[in-house]
Amino acid sequence: MEIYIAKQGDTLQSVADMFGLPVEKLANDNGLDPRDDLLAGQSLVIAHPLQVYTVRQGDNLSDIASRFNVSVIQLLINNPFLSEREYIYPGETLVISYDTSKGRIITHGNTTPNIDERILRKTLPFLSYISILNYTATEEGDIITHYDDTNIIQTSKAYGVVPLMLLTTLTLQGVANINIIYSILLSDEFQNNIIENLLRILREKGYAGVNISFENINSSNISLYENYFRRIVDRLTAEGYQVFLTANPNLSTIGDEVVFERVDYSVLSEHAQNIIFMSYEWAERHITPSPISSYHQTDIFLSYILNNIPAEKVIIGVATIGYDWELPYVPRITNVYSLSFGRAEELARNVGAVINYDELSKTPFFRYTSGNNIEHIVWYINSSSINASLELVSKYGLGGISIWNITIFNPQLWLIISSQYEIEKFYS
């Protein structure tokens with residue numbers, strides 16, 4: 001697998017010819033139409049299969065899987081279009097395998113229960129775990145449920161994906177309440193209520209475990225979080241449930257220095273099955289125009305925490321969003337718009353922008369002027385950014401990656417992973 005950056009005058013056909021790929025495959029792999037124009041600076045994923053098969057009359061997926069000693073799920077991973085199909089047709093080519101010699105990787109995704117069913121079924125083959133954002137803890141230890149999650153739990157299991165109940169003190173819009181956090185941290189009674197409510201929901205819904213989201217961890221409250229988390233883990237693991245932890249490291253850069261809270265996560269990681277370091281992504285007016293994620297920041301952070309945490313327990317977040325800021329930027333006043341996968345490059349194409357690439361953060365950006373003469377800057381994530389995150393997984397021997405929001409399917413993201421790594425599946 002490699003990433004190709006389009007140059008002026010490139011077309012999908014010319015790039016396909018350059019790498020010896022059918023143009024239809026190149027287009028599908030990158031979520032494009034074969035007739036689409038390419039932008040200078042646009043990144044394309046180039047993936048050559050290790051083994052392919054041409055469908056014959058009478059074939060079905062189960063028979064093909066048995067013939068090549070792979071699972072049907074593996075065929076869905078290597079041929080995502082099959083999830084939208086009822087039939088396969090003679091003459092079409094299926095990818096049986098890629099070179100996954102980089103080893104095994106845990107893939108984790110977050111979503112709400114109201115994800116589109118088609119997107120869910122297309123994404124699940126690529127996941128090891130799925131955390132369902134549907135539960136909010138109150139200060140008394142009650143747990144608020146927002147949606148019916150029965151279907152997503154059962155569907156996840158059918159695809160071999162471990163469903164985790166994601167518990168947070170945030171609202172579904174990402175609003176934090178520090179009073180709720182400390183009410184829970186300082187009260188054994190409220191913690192007991194949460195634990196009992198967790199067990200009740202896990203049993204009723206059929207979750208395999210829980211992913212606890214901790215906000216605002218710092219050196220002054222880490223001991224409170226450790227005590228709380230230890231109590232949860234002791235009780236839930238005794239009942240056979242898995243317990244993950246998600247923490248936001250709040251990375252930033254001031255001058256040339258990468259800034260984050262110097263916290264010893266060793267006790268938390270000791271009790272967690274895995275610890276996920278990632279930020280939740282909402283378009284908010286206080287987000288300063290800057291890279292959506294930074295390879296450099298994450299690299300510095302990992303160098304710090306891995307002195308005390310086993311690398312194989314660490315899962316890092318991969319951003320899946322772009323932001324469009326109006327300029328000049330004024331905190332909490334300037335309009336900030338979120339952009340889904342693919343929308344950023346579509347916008348760049350529509351406004352005739354030039355895509356630039358920041359080498360330090362390994363993220364693309366561009367500027368444009370809207371019709372009302374307002375200047376904009378857009379930072380987003382492309383396939384080069386995603387691959388850079390995976391390079392950190394290999395560099396440090398991490399457990400895997402986590403995707404904050406899987407409600408939009410990005411073929412580049414999943415191809416980059418599945419063409420280099422074997423995705424861990426814990427349900428057969």
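1. How many of the eight residues of helix H14 (residues 411-418) are buried? Seven of them are, so H14 is largely enclosed by the rest of the structure, where buried means under 20% relative accessible area with a 1.4 Å probe and protein chains only. These buried residues are Gln 412, Leu 413, Trp 414, Leu 415, Ile 416, Ile 417 and Ser 418.

2. This is a predicted model, in which local features need pLDDT of at least 70 and side-chain atom pairs count only at pLDDT 80 or more, while totals for chains, interfaces and linings use all residues. Residues are numbered from 1 along each chain as its sequence is written, and side-chain values use heavy atoms, with hydrogens and water left out.

3. The chain contains 14 helices and 21 strands, assigned as DSSP runs (H or I, at least four residues, for helices; E, at least two, for strands). Its radius of gyration is 22 Å, close to the 22 Å that the globule rule gives for 428 residues, so the chain is as compact as a globular protein of that length; the radius is taken over C-alpha atoms, and the rule is 2.2 Å times the number of residues to the power 0.38.

4. Of the 428 residues in the chain, 53% are buried. Among contacts (heavy atoms within 4.5 Å) between residues at least 6 apart in sequence, 73% join residues at least 24 apart.

Note on methods:
Buried means under 20% relative accessible area, exposed over 50%, partly exposed in between (1.4 Å probe, protein chains only).
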